[in-house]
Amino acid sequence: MGLMSQPIRRTEDGRFITGRGRYVDDVKMEGAAIGYALRSPYAHAKIMSIDVEAAKSAPGVIGIITGAELEAAGIGHLGAAFPASFLKNRDGTPRVDGDRALLTVDYVRYVGEPVAFVVAESLNAAKDAAEQILVDYEELPAVGLIDEALDPGAPLVWPQAPGNIALDWAQGDEAATDAAFDRAAHVTRIDLVNNRVVVNSMEPRGAFGTYDKVTGQYELYATSQGSHPIADTIAKRILRIPPERLRVITPDVGGGFGLKMSTFAEYPLVLIASEKFGMPVKWMSERTEAFQSDSHGRDLKSHAEMAFDAGGRILGYRIKTDFNLGAYGLGFGPGIQSVVPMFVVGGVYKVPVVYNHVRAVFTNTVPVEAYRGAGRPEAAYIIERIMDLAAREMGLSQDEIRLRNFIQSHEMPFRSYVGAVIDSGDFQRNLHDCLRQADWAGFPARRAEAEKRGKLRGRGLAYYIEKTAGGASAVVISFTPAGRVEVGVGTSAHGQGHETTFAAIVADKLGVPFDSIDLIQGDSIRAPWGGGTGGSRSLWNSGNGILKAADAVIDKGREVAAALMDTAQDAITFEEGAFRVHGTNQFLPLLEVAEAARAGSKLPPELKARLEKGLDSSGTHEEKGDTFPNGCHICELEIDPDTGKVSVISYDVVDDFGFVLNPLIVAGQVHGGVAQGIGQALLENCLYEPGTAQLLSGSFMDYTMPRADDLPSFGFTYNEILCTTNPLGIKGCGEAGTVGAAPAVMNAVLDALWDKGVREVDMPMTALRVWETLQRAAAKAAV
Amino acid sequence: MYAFDYHKPRSLAEATALLNANPEARLLAGGMTLIPTLKQRLASPSDLVDLGGLPDLAGIFVGDGEVRIGAMTTHATVAHSAEVRAALPALAALAEGIGDPQVRHRGTIGGSISNADPAADYPAGVVGLGATVVTDRREIAADNFFTGMFETALEPGEIVRQVRFPIPEAAGYAKFPNPASRYAVAGVFVARAAGGVRVAVTGAGPSVFRVPEMEAALTASFTPEAIASVLVDADDLNTDLHATAAYRAHLVGVMAARAVTSALES
Amino acid sequence: MIDTVTVMFSVNGNDVSAAVEPRTLLVTFLREHLGLTGTHIGCDTSQCGACVVHLDGRSVKSCTMLAVQADGQAVTTIEGLGTPEKLHPMQAAFNENHGLQCGFCTPGMIMSAVDFAQGNPSPTPHEVREWLEGNICRCTGYHNIVASVEAGARAMAKA
């Protein structure tokens with residue numbers, strides 16, 4: 001039996017469980033200085049002057065960098081990942097991103113925007129000095145909330161964006177959708193808030209930069225999800241140097257969740273500081289600083305309407321969403337509620353027509369970018385909340401309304417109205433399996449029992465789908481003189497266990513020992529180019545790429561083996577890690593063939609010349625064809641009406657991730673994803689103060705991170721319905737838990753409160769909000 | 001953190017002398033509040049006087065109808081003390097609910113009450129039990145000790161040595177924690193003793209406070225039902241991200257009833 | 001002028017003596033002075049527990065202690081618990097049960113778990129979850145951490 005599909009324990013664990021992991025903050029360099037960012041305390045202000053003179057001579061200070069100096073040096077600015085032509089307003093006019101310098105010069109537009117970068121011998125010295133920088137701010141009116149920003153007469157974040165609208169985008173056919181609503185037997189309407197969250201990877205962001213003045217080479221250690229995109233951005237857009245002069249290394253990374261995809265100002269700043277001051281410079285974010293300077297996630301308000309015929313079948317779907325972009329359109333920010341989820345807005349249902357109108361709204365808050373799922377959890381949240389409500393309104397059960405509208409497995413590949421081609425899936429089966437797993441039928445008895453204890457019990461169901469794939473990343477397999485197999489990939493694991501899963505593929509495919517394989521990742525020079533790890537696409541990219549590269553290795557190996565064993569190529573088969581001469585017991589192990597090919601001395605001159613790199617081969621999975629991970633989530637919870645506290649009692653998931661390469665790791669991805677969904681639904685809330693746009697939930701003292709005692713154990717199983725569009729047959733699993741969880745939890749909360757007269761619930765349903773909701777419902781009932 | 005000088009006195013007298021000699025000095029007990037405060041640069045003492053070198057300040061004595069706990073006794077020690085669990089289980093349970101296990105291994109009763117955080121647990125126990133705070137110079141009744149938000153009756157340089165809790169007939173503590181910080185949003189300590197019932201609330205107001213209406217009702221009938229109709233006025237209570245004043249007022253009632261139930265079960 | 005203070009304590013069984021600024025946190029001392037980078041810093045409000053070490057056998061948050069407060073005591077960090085060649089049973093349990101993903105919270109999680117398991121050879125999942133109140137993980141959803149701690153506690157009791 002091969003290693004693929006086995007729950008192999010992770011090889012990377014060895015260093016982490018013994019404290020031998022190497023994160024950016026663990027990198028040591030002789031004579032390194034510490035960088036510290038002085039940040040704006042105001043949400044919106046004009047900078048009248050910055051005086052760094054006193055601070056410059058403070059003890060231990062090496063130097064201070066300001067925005068004006070960077071402008072003078074021609075340093076470039078940060079920006080969005082989407083070209084203007086790719087993502088524009090529905091009337092064809094360009095969107096507005098604003099203009100984000102590494103260090104702002106004239107205005108600050110959110111609390112936490114960096115104003116100056118202090119470099120000192122120690123963090124304490126840098127902080128002491130930063131307190132002596134005199135910034136003369138002229139405070140301006142600020143907007144932090146979507147509604148504030150859209151208010152007529154609201155202060156503008158950017159003068160070129162009237163009404164604070166950064167992007168006014170739409171998909172679908174408005175007229176056809178309107179027509180569908182005209183003939184509807186029933187229309188369900190819902191207004192939803194998708195609360196703002198802080199990513200909070202346990203390792204904060206950090207960067208360590210060096211500049212070698214002899215060679216002119218820059219080297220950056222960064223907490224990233226991929227070295228190449230960051231290297232490209234810094235080299236091309238910011239430092240404007242040839243790419244080969246910058247090496248970005250991503251060592252061990254303590255979680256990313258979308259946050260660490262982007263290039264943040266501090267990364268080029270440590271390189272600029274290193275060049276200027278002649279020593280390595282490290283910057284590590286502190287947690288409270290991270291709350292103000294990391295990109296945030298979600299933060300949108302939607303009004304959605306679903307038109308049904310008399311049989312409860314969907315006729316049309318209309319969504320109007322406004323999302324908070326923050327003060328700048330950076331990274332994937334402008335696309336996260338528009339183009340990123342556009343193929344899954346209709347969920348797993350046969351939705352004939354859709355009109356999805358999305359506006360990005362500027363506010364004086366930290367930019368909003370990718371957070372696990374990036375747009376797809378938001379899309380799933382809207383459609384699964386509205387389906388739940390529609391079922392209640394039409395008197396259908398939660399499974400029945402879904403069964404009536406599911407795309408059927410026999411209809412696949414199914415081209416949806418929104419243009420997605422769903423290759424495979426069996427939504428009905430997963431739903432049935434999950435109902436059974438969660439003992440859906442036994443719920444009434446559990447609810448009655450809870451009632452006796454004074455608890456309100458509810459259950460919620462959600463069926464999610466997402467689309468993953470794309471972004472070619474190369475794979476290079478090479479053989480070292482020491483007999484090891486190096487696998488270079490353009491993806492970059494930061495908790496996903498690629499050292500284990502990718503090695504399993506290589507071991508199975510090439511028949512080489514699992515422990516002879518080394519993964520080379522997260523290095524813009526040593527690893528082949530790739531878009532990094534994000535969007536649940538790494539196995540799609542690198543896994544399928546490994547198959548390709550391995551095929552090339554075998555092809556070359558066959559040729560070499562034939563020469564070595566003095567036989568014809570077509571007489572050679574490759575089995576169990578060896579090239580065998582058909583019909584004989586003659587064979588050569590792959591690693592021996594690889595070594596012979598590398599050394600070359602035993603090869604015919606022509607072959608030796610042609611195989612200059614021995615068996616080393618590369619491969620890139622570039623085939624079109626998305627994957628559509630999907631699954632059913634069922635949440636059961638209890639509410640203490642006396643305090644409003646919600647306790648999740650059980651949580652069940654049945655997923656379809658196609659071929660499951662490592663069940664242990666896949667389960668872990670789902671558990672973690674679900675926890676983030678539960679966290680958003682019940683606990684987490686990033687709040688800015690109305691009127692001032694001051695960050696209110698600015699540390700773990702105020703921002704509720706889910707803890708062990710907030711969560712249940714999870715029931716997770718899967719059906720392997722192979723993806724037909726990639727050789728491994730896999731579907732991405734990294735974000736799926738988060739995509740399905742929030743609607744399942746919120747549907748359960750509504751179910752628990754429904755009999756109390758509650759009809760509207762918004763995330764997060766904290767104890768306070770549940771209690772207030774119950775109070776309002778009781779007051780209404782009393783009228 | 002701003003720079004400071006550090007001292008670890010070997011006697012209470014030495015500690016007092018250090019405090020007297022350095023008006024900007026601060027006492028360091030477990031450090032669970034002070035060190036985070038220093039890290040955030042919210043305080044800049046000239047000197048820290050670490051009480052960790054005074055073993056006489058730590059320890060538990062049960063007898064003469066009271067539980068005496070030395071100022072430097074950690075929450076974990078109180079929580080796990082067989083003597084406290086037997087004599088005053090509600091106080092052990094209160095200690096077991098403070099912060100998290102690591103905080104309980106360092107945090108001390110003296111530090112907690114001297115800091116007088118409005119959301120700390122111990123003030124409810126101290127006031128609810130009518131304890132006596134013993135300092136290096138006098139004894140202070142619980143009702144006079146907590147004077148406001150982060151304010152106590154302690155004079156400059158005065159050092160808490162011990163807290164003496166009279167053992168009640170029955171006592172209970174219930175709190176609703178802040179989901180993020182795990183401090184009390186509302187915590188209620190209820191104790192029934194020969195002299196009557198005391199009800200002390202932490203987390204809800206600017207400082208720990210008693211609820212005379214509940215005390216009267218519970219003195220008449222020590223049951224959760226007895227206080228069901230007692231409403232706490234929300235006007236003086238705190239509002240923050242996690243709880244409005246109205247919610248806190250409601251929670252005080254719920255937690256008080258749970259504390260009574262707990263007292264009856266113990 | 002602030003005087004440095006001399007601290008003397010044992011770290012993972014080795015005697016350590018150094019002159020430090022009084023404001024040096026224990027975690028900073030371990031990481032910067034001793035190069036023991038397995039102890040991590042994940043927050044600045046004593047919530048996350050990535051910095052948990054043992055002080056005389058009990059788990060504490062090394063970010064909320066001055067180095068000088070450890071004077072005369074025994075500090076154990078994740079590096080002193082077990083080695084890749086000879087894992088502590090709790091370390092092995094985290095590997096076996098996939099109790100970690102990015103690994104950043106893991107050292108603190110394991111140090112906290114070992115302290116817990118010393119007094120609880122066969123804990124219930126509920127007890128584990130309550131104990132882990134001081135350790136935050138963003139990756140695992142805690143499911144496999146709880147399983148790891150249960151298994152690790154049993155293994156420690158047998159060892």
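This is a predicted model: local features need pLDDT of at least 70, side-chain atom pairs count only at pLDDT 80 or more; totals for chains, interfaces and linings use all residues.
**Stop 1: where chain A meets chain C**

Show chains A and C together. Select the contact residues: 54 residues of chain A touch 45 residues of chain C. About 4,200 Å² is buried between chain A and chain C, and carbon and sulfur atoms give 53% of that area. Now pick A:I17, A:M202 and A:R707. These residues supply 17% of the area that chain A buries against chain C, more than any other three residues.

Turn to the charged pairs. Four salt bridges run between chain A and chain C. For one of them, select C:E96 and A:R9, whose side chains meet at 2.8 Å, N to O. Polar contacts between chain A and chain C come to 27 residue pairs, both partners at pLDDT 80 or more.

Which elements give two or more residues to the side of chain A that touches chain C? Colour α1 (13-17), α4 (123-130), α9 (287-293) and α18 (663-682) of chain A. Of these, α18(A) gives the most, with eight residues.

**Stop 2: a valine in chain C**

Stay with chain C and select C:V16. This residue sits in strand β2 (residues 14-20) of chain C. Is C:V16 buried or exposed? C:V16 counts as buried because its relative accessibility is 13%, and the cut-off for buried is under 20%.

Show what surrounds C:V16. Beyond neighbours within four places in sequence, C:V16 contacts C:V7, C:M8, C:F9, C:S10, C:V11, C:F29 and C:L34.

**Stop 3: where chain A meets chain B**

Six salt bridges cross the interface of chain A and chain B. Select B:R182 and A:D710 for one of them, with closest N and O atoms 3.2 Å apart. Polar contacts between chain A and chain B number 13 residue pairs, both partners at pLDDT 80 or more.

**Stop 4: a sheet in chain B**

Find the open sheet of four strands, ordered β11-β12-β13-β14, with antiparallel pairing. Its edge strands are β11 (170-177) and β14 (209-210) of chain B, each pairing on one side only.

Zoom in on β13 (residues 196-202) of chain B. This strand pairs with β14(B) in the antiparallel sense over two bridges. Select B:A200: its bridge partner in β14(B) is B:R210.

α5 lies across β11 and β12 (184-193) of chain B, and runs at about 20° to β11(B).

**Stop 5: salt bridges inside chain A**

Return to chain A. The count over all chains is 78 salt bridges. Here are some to visit.

Select A:E411 and A:K350. Their side chains meet in a salt bridge of 2.9 Å, N to O. A:E411 lies in the loop between α11 (398-405) and β16 (414-415) of chain A, and A:K350 in the loop between β14 (314-326) and β15 (354-362) of chain A, so the pair ties together parts 61 residues apart in sequence. A:E411 is partly exposed, at 25% relative accessible area. A:K350 is partly exposed too, at 29%.

Move to A:E384 and A:R402. This salt bridge has its closest N and O atoms 2.9 Å apart. It links helix α10 (residues 376-394) of chain A, which holds A:E384, to helix α11 of chain A, which holds A:R402. Both A:E384 and A:R402 are buried.

Then take A:K467 and A:D626, a salt bridge with closest N and O atoms 3.4 Å apart. The two residues are 159 residues apart.

Definitions and conventions. Residues are numbered from 1 along each chain as its sequence is written. Chains are lettered from A and ligands numbered from 1 in the order in which they are written. Side-chain values use heavy atoms; hydrogens and water are left out. Two strands pair if DSSP finds at least two bridges between them. Contact means heavy atoms within 4.5 Å. Axes are lines fitted to C-alpha atoms, for helices over the stretch in contact, and angles run from 0 to 180 degrees between N-to-C directions. Buried means under 20% relative accessible area, exposed over 50%, partly exposed in between (1.4 Å probe, protein chains only). Buried area is the accessible area (1.4 Å probe) that two parts lose on being put together, summed over both. A polar contact is a pair of N or O atoms within 3.5 Å; within protein, one must be able to donate a hydrogen and the other to accept it, and residues adjacent in sequence count only if both atoms are side-chain atoms.
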